[in-house]
Amino acid sequence: MSLFNQSRSTVIRLIFLGIFFIIMIQLFNLQVVSNKYQQMAMDNAVFRKVVYPNRGIIYDRKNQAILNNTIMYDLVVTPYEVKKIDTLALCRILEIDTVEFKRRMLEVRLKNGNFRPSIFEDLLPPQLHARLDEYIWKFPGFALVERPVRVYPYKAAAHIMGYVGEADSGIIRRSGGFYRLGDYVGRSGLEAYYEKVLMGQRGITKLIKDNNNRLVGSYEMGRFDTPALAGRNLRTFIDVEVQQLAEKLMSNKVGAIVALDPKTGGIIAMASGPNYDPNDLTGPNKQKNYGRLALDVAGPLLNRAVQGNYEPGSTYKPMGALVALDEGLIGPNYGYPCGGFYQACMKSVKCTHDNPGHAANLRLSIANSCNSYYSHIYRMTVENSKMGGLKKAFPAWKIYLNHFGLGQKLGVDIPGESNGLVPDTALYNRIYRGSWNSCTNVSLGIGQGEMQSTPLQLANAMCVIANKGFYYTPHFVKSIDNETRADTILNKYRVKHEVLTRISDEAYEAVTSGMQDVVERGTAQAAMIPGINICAKTGTAEKYRIIDGKRIQLEDNSMFVCFAPRENPQIAIAVVVENSGFGSTWASPIASLIMEKYLNDTLRSERLKEVDRIVAANLMPPYLGRLQYIEDSTRAFRWYNMTKDTSYIMKFLKRGQPIPKPANPSKPAPVLINRSASLPEKLKVQKKTGTII
Amino acid sequence: MNQRNPAISKGIDWVIIWLYIALVVIGILSIFSVTYREGENVIDSMVKMRSDYGKQTFYFIISLVLGLFIILTDSKFFTATANIWYAFGILLLLLVFPFHTEVKGTNSIIRFGGFQLQPAELCKVFVNLALAKFMSRIETNFTRPRSQLIAAAIVLAPALITVAQKETGLALVFFAFFIVMFREGLPAGYLVTGFSLAVLIVATLLIEKNTLAVIITAIAIAALYLMRRQIKRRRSILFSILLFWLFCVGIQRFAVPFLFTNVFQKHQVERIFSLIGRENPYAKLNKVRDEAPATKPKDTDYNVRQSKIAIGSGGFAGRGFLKGTQTRFDFVPEQRTDFIFCTIGEGFGFLGSVVFMGLYLFLLLRIVTIAERQRSVFSRCYAYGVASVVFFHITINMCMTIGLAPVIGIPLPFISYGGTSLVTFSVLLFILIRLDADRQMVLR
């Protein structure tokens, strides 16, 4: 019996030991083997508060801030602390109703919980902030929190500066987790290109939070915190006053202005019309404004200076001449007997002049912009037998133009630049199945046909001519504050592109003389400025557009390129004004005003009238209204199809006829759905009548 | 002998006392590390009992005073009054029904003044006394089923009442006394049967029901095949095997689903299934009205997950006293009471946990050693009862906090915050110390 009992006590001891052993194994597993719990504990209890530094400021050439930081206020609410407040009074101040108030409170609670402060209304307008600041003590749980915001004191350079917006999922993915949801990031322009420089270095403060997500103190006395480093400032070549003038001149016009410093490639001004006030995309109404700008068919968000593709037209001619001169096909004294037409190919190319001798030499041909002369030398160039005929000379011609910076991205320091187009043999082989010759694309000789260039490329080509063969990649930023060796972002703008210096100075002299004549006795006399020798070339390119299935001829694009002064070039300009007629009408006076402003630092008083005349001119293409209507109504129809929400489409249905009433008022919904089939018909009827609003 | 030599320290087992003091102090420090906030005046809140650690210290003092009284009492007092205490305990338990206050979903608490009393906790002492008294009777022959039934009734009566008070956790503890009965000669067959039943129930939860039925049938057929010789000789074996098979399938098919739909509350079923990581198949069938407070919409395994995070984040050496981020900032629910071990796990890591568990194991083995050196059956049964109850509490509580058992709310002995619990365990232990001091005496 005793032995039996003894063994039972041993069994009990063994049970105790066994269970304890199992517990120890599980503890070992939890605490020593698996290390995921440490991380989970950190996620539970440590809040990484990101400290955003101020973004860098952007200065112009005279160190005036084009882009600066200011403080705006967000109204922030901690739902847990909101007790017994006069909701109605707050709603009255904010100009919302109580339903909206409740909706926002619910949204805030769902998003961030009861204990975390969340934004109730962001970026309060100054008046609202002032009013709230006075009464905020009445509303426990609500607070005004500072937030740095970008401002543009000169209301200028919207396209250049770009804007800052919240990082979207694409940016977050591409950054490999560097950006997080809610971070602000440069979305276009210099803000985007110099994001790394401007943003500075985010700081991280680790804070302890409790089970209700309340922050209760710093983690480990801040041992793992990193301080925020402010973003560095950018010094640019922009002359903000010239920039303002350029934007003013582009008002109510579609087109672009680019002004470069030929010596450095620095961009003095770059304007694109239509334009917008950059402050619209920072303040309290930025979402609304962005929507308005994005839906405008005139494309105010488009930077036509780098994204617009234009046929260079006659502005190409100086380059055509230089290529022919360098290949030794012509000399400065080479002439062409133009009688008003170029008829060497089967079709005839019209010339604006028919008096004999208007193209007796190179200089005259540029001054008179003789189409026959340039068609002729174009064909000589691409059929150059010394090069080995069309199949070899044509690519050589293309490479020349590429060296002028045409047909390829220049690499300017804002994103979204367009390539332009200098066609190659492959393109023509594809179009004409290999059977083509210099007559097929003879219009390239006068800068038309398949050739496309951006205003920036044209201005840059002027720099090459002004510099007699070299250029620096056009760029805005002269220097970064506290620049170090690690900042390689500006290196490519300090490389001289000097392939074309092999063209002789005589050739450049001949061409520039011709270009000076353009201003002094040719097509661009409106551009003259006393005391300054200006070299320029006007251009005109025909333009068509298909609206409502009809091809309509629009007013020509007015083009103008120039540089000045001839002896010591300080500014090179390209101006494109869409649908405005000859280059001399609008483009040349605009360029002239900008040159005068930049070179003399001021405008003569009589020139202010000219500014007013140009600003007053509304050259917006007439089809825009119609295009806007088509876009808006199609969008409304698509919205209706998707959501069956009639609020947008009604506006378009109202015109001309009463709103169709549902046949059976008791069952409106199915009737409306049935009507959807006939809706496009209605729109078509509108289209046929072609009402232009 | 004792009457002649009244020195109260005579025969006292100081090892147990020191272990007891060490554990309670660890408990108070753990509660302190959970509830203490920077800048708090510790002395002030201790004296005025404003904080939980202050209150726990107060209960400790009460326990020590009670302990002193118990040690000053004659051992015979306990044998003489065991049955009266038991009756008193049952009465208390029954008084709960008219006078209870509902606290956290349980109906087992009587509240008077600022104090809460949970009779089910106290009853452990009384049941232990009564069981020891019954076992030590001369006329009790524990090999007879009649005695076994009476012993089981002594233990299970308060358990049933406790279940009725929706305090399933504490009711389970009464099963610990089967260890005592095992020591006193309960046939091992009972334990084997109980264990098999448990395996069957767990298997029912884990294995798809048709698969399990096939497995049981296969086992039955195998048994038939293996025992074909014996069956030829005795037909009754065939019937018993068939009966056994029917019983198993019945349990699997009907009894367990019945238990889960008609006996357990929904949240308890959820806890069990969340432990084994399966969807609760009886969610829609449950007919028991769920009395658990609906204020916490957190997922069912939230407690255990937070508890595992806290313990796991301690690592090998721990974060240090008062440095645990999880336990300091209330991430683990109920961490003063049922989940108090998280504090030790996070603060002192695996090393600290091993030392802590070592203390417990030392205590348990010490009690078993003490039990085995008793001359009287009463003392031995009582000692085994103490060891069993403490062991059962530790096992359930620890397994719950580290995710090995479903969440059953029972405290960790000597450590968890709670007056009734601390006083009960202290009284249990001090009576043992008193009885042990008189181990040369034969008590009946």
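Predicted model: local features only at pLDDT ≥ 70, side-chain atom pairs only at ≥ 80, totals over all residues.
**Confidence**

The mean pLDDT of chain A is 84, and 93% of the residues reach at least 70. Residues 658–693 of chain A fall below 50 in pLDDT. Even so, that stretch has 23 contacts in the model beyond near neighbours in sequence.

**Contact between chains A and B**

On one side of the contact stand 27 residues of chain A, and on the other 34 residues of chain B. Two elements of chain A, α1 (2–33) and α2 (36–45), each give two or more residues to the side that touches chain B. The largest share of that side, 15 residues, is supplied by α1(A). By residue type, the side of chain A that touches chain B consists of 17 nonpolar, seven polar and three charged residues.

**Strand β20 of chain A**

Strand β20 of chain A covers residues 571–577. Seven of its seven residues are buried, so the strand is largely enclosed by the rest of the structure. A residue is counted as buried when 20 or more other C-beta atoms lie within 10 Å of its own.

In a regular strand, side chains alternate between the two faces of the sheet. In β20(A), Ile571(A), Ile573(A), Val575(A) and Val577(A) point one way. Ala572(A), Ala574(A) and Val576(A) point the other way, and the residues of both sets are all buried.

| Strand of chain A | Residues | Bridges to β20(A) | Direction |
|---|---|---|---|
| β11 | 255–261 | Six bridges | antiparallel |
| β19 | 550–564 | Seven bridges | antiparallel |

Individual residue pairs can be named for both pairings. Ala259(A) has Ile573(A) as its bridge partner in β20(A). For Phe563(A), the bridge partner in β20(A) is Ala572(A).

**Leu259 of chain B**

Leu259(B) lies in helix α12 of chain B, which spans residues 235–263. There are 15 other C-beta atoms within 10 Å of Leu259(B), so this residue is classed as partly exposed. The class covers counts between the limit for exposed, 12 or fewer, and the limit for buried, 20 or more. Val269(B) is 10 residues from Leu259(B) in sequence, and the C-alpha to C-alpha separation of the two in space is 9.6 Å.

Methods: Residues numbered from 1 in each chain as written. Chains lettered and ligands numbered in written order. Contact = placed C-beta atoms within 7 Å. Helix = DSSP H or I, 4+ residues; strand = E, 2+ residues; numbered from the N terminus. Nonpolar A, V, L, I, M, F, W, Y, C, P; charged D, E, K, R; others polar. pLDDT = per-residue confidence, 0-100. Pairing = 2+ DSSP bridges.
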